Amino acid sequence: MYLLSRTFTLMCLLWVSLSSVLAKQPFADTVALIKPSIVGIGSFSRTRQPARKLWGTGFVVADGNHVITNWHVIDKPDDDGLLSVMGGDERKAEIISARIIALDKRRDLALLRFDGPKKPAMKIADATAVI
């Protein structure tokens, strides 16, 4: 539990660092920089209509196969679909199954992992350079 808490604290610090770095750039440049790393989080089931349910968003980090999102986004006990990371656009949506790696309900954070092709990871600043 201690390792999980340290991991999520570190992620929060990195997010604050990223926010500080991005604040120095024009808004359009910031959007262009982070957009490829943003993914949808939801569920998929071939046996229902619609097959996809979007619950929220997250961003790709680390090696390109991990996603940080909010715990409340994936807290869907009544959903019968497969936890999924969704990328692309409406015409060419890509749906990849995911699994939960770590949860921190108190801080409302979740770390997911998906297999398959890597996505562009959000570049996060060094927390020591901001402090």
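User: In what order do the six strands of the closed barrel run?
Analyst: This is a predicted model, in which local features need pLDDT of at least 70, side-chain atom pairs count only at pLDDT 80 or more, and totals for chains, interfaces and linings use all residues. Residues are numbered from 1 along each chain as its sequence is written, and side-chain values use heavy atoms, with hydrogens and water left out. Strands are DSSP runs of E with at least two residues, numbered from the N terminus, and two of them pair if DSSP finds at least two bridges between them. The pairing in the closed barrel is antiparallel, and the order is 1-2-3-6-5-4.

User: How many bridges join strand 4 to strand 5?
Analyst: Strand 4 covers residues 82-87 and pairs with strand 1 (residues 38-44) in the antiparallel sense over five bridges; there, G42 stands opposite S84. On strand 5, E94 stands opposite G87. Strands 4 and 5 run antiparallel, and the number of bridges joining them is four.

User: How many of the six residues of strand 4 are buried?
Analyst: Buried means under 20% relative accessible area, exposed over 50%, and partly exposed in between, with a 1.4 Å probe and protein chains only. Strand 4 is mostly covered, and its buried residues number five.

User: Which residue is the bridge partner of V61 in strand 3?
Analyst: Strand 2 (residues 52-61) and strand 3 (residues 66-69) pair in the antiparallel sense over four bridges. In strand 3, the partner of V61 is H66.

User: Which residue's side chain joins that of D104 in a polar contact of 2.7 Å?
Analyst: D104 lies in strand 5 (residues 94-104) and is buried, with a relative accessible area of 9%. A polar contact is a pair of N or O atoms within 3.5 Å; within protein, one must be able to donate a hydrogen and the other to accept it, and residues adjacent in sequence count only if both atoms are side-chain atoms. A polar atom of the D104 side chain lies 3.3 Å from the backbone nitrogen of R106. The side-chain partner at 2.7 Å is R107.

User: What percentage of the residues in the protein chain is buried?
Analyst: The elements run α-α-β-β-β-α-β-β-β-α from the N terminus on. Of the 131 residues in the protein chain, the buried share is 36%.
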